[in-house]
Amino acid sequence: MKKLTLLFLFSIIVIGCEDVIEIELPSTTPTLVIDGNINLFETTNQPIIEGGVRLSFTADYFDTSLPIVENADVRITNLETGEEHRLLHSSNGWYTTEYSDIFSNQDASYELVVKHENKTYRAESKIYGVSPIDSVKQGTRTLFDGDEIEVVISFRDLNDSDNFFLFDLGFNDFIPIRDLFFQGSSFTFSNFYDPDQLRVGDTLNIKSYGISKQYFNYMELLLEQVDANGGPFGTVAASLKGNIRNETEPSENPLGYFIISKAVSKGLVIQKTDP
């Protein structure tokens, strides 16, 4: 009986002490974000363009959406020929094009110019090559829970020089890879998926993009910050410096990066995983 009485009193104390705590976070000045990722998938006829340039503004921590930019002038120029092409707004802040001929010169450098609110932003990129994906297979190993699905990816490095790749493993899972220890050789690695992500009969598409050393470093730091920033009391991520500059006001550079990548993909149909 004493134990029940003490438990009842403890419950009253806990309930009586519940107060609503409001955390007031300071509003931040919106910063323009320019995500310029143009990926060229080779086909027998002409490259298929995936991605584009997305414009948005940063928002306060608890905002559920980012303000997008729909009225900017976005152009890409072949710096060798001077050919200029305007990207048009499609939806949700994305400026895209289906005109792949502008990227036909694989050795040229390309300039991105964004004009918005009387400010001009510029960045340059060449086209970075990518290695074909040799195979994507379903493995048999698991991790901690014992029911994860292993996917084994193999590819051969381009050559004996330094190369950098970004793999899109699906479900917003990315991994940057450099060929430091396997230049000119094959490389195999595994990724594990929860059973609620993939089911028998699902098709998983693995994609790989050729990237620069600078973008490799950028993505490594970005992914580290995403993993480390665990909620409102986590470490505040540092501002990542990309390759886009504000020509009108050099002290107010935007966030984001501009890169043009050759890309490849390979699919895998998930098979039965029961022993």
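Let's start at Asp145, which is exposed, with a relative accessible area of 65%. Exposed here means over 50% relative accessible area, buried means under 20%, and partly exposed is in between, using a 1.4 Å probe and protein chains only. Asp145 sits in the loop between S8 and strand S9, residues 149-156. Strands are DSSP runs of E, at least two residues, numbered from the N terminus.

A word on the model. It is predicted, so local features need pLDDT of at least 70, and side-chain atom pairs count only at pLDDT 80 or more, while totals for chains, interfaces and linings use all residues. Residues are numbered from 1 along each chain as its sequence is written, and side-chain values use heavy atoms, with hydrogens and water left out.

Back to Asp145. With Asp147, Asp194 and Asp196, Asp145 forms a patch of negative charge on the surface. Patch residues have over 30% relative accessible area and no salt bridge, and like charges are joined within 9 Å. Each Asp charge is placed at CG.

Now Ser135. Ser135 belongs to strand S8, residues 133-138. Ser135 is buried, at 18% relative accessible area. What does Ser135 contact, leaving aside neighbours within four places in sequence? Val152, Ile153, Ser154 and Lys266. Contact means heavy atoms within 4.5 Å.

On to salt bridges. The whole structure has 10 of them. The criterion is a side-chain nitrogen of Lys or Arg within 4 Å of a carboxyl oxygen of Asp or Glu.

Take Glu50 and Lys207. Their side chains form a salt bridge at 2.8 Å, N to O. Glu50 is in strand S2 (residues 48-57) and Lys207 in strand S13 (residues 203-211), so this pair links distant parts of the chain, 157 residues apart. Glu50 is partly exposed, at 26%.

Next, Lys119 and Glu249. Their closest N and O atoms are 3.9 Å apart in a salt bridge. Lys119 lies in strand S7 (residues 119-128), Glu249 in the loop between strand S14 (245-246) and strand S15 (255-269), so the pair ties together parts 130 residues apart in sequence. Lys119 is partly exposed at 22%. Glu249 is partly exposed at 29%.

Then Arg122 and Glu247. This salt bridge is 2.7 Å, N to O. Arg122 is in strand S7 and Glu247 in the loop between S14 and S15, so parts 125 residues apart in sequence are tied together. Arg122 is partly exposed at 22%, and Glu247 is partly exposed at 40%.

Definitions and conventions:
Helices (H or I, at least four residues) and strands (E, at least two) are DSSP runs, numbered from the N terminus. Patches are made of residues with over 30% relative accessible area and no salt bridge: like charges are joined within 9 Å, nonpolar side chains (Val, Leu, Ile, Met, Phe, Trp, Tyr) within 5 Å. Accessible areas come from the Shrake-Rupley method with a 1.4 Å probe; for residues, only the protein chains shown count as cover. Lys and Arg count as positive and Asp and Glu as negative; His and the chain ends are not counted.
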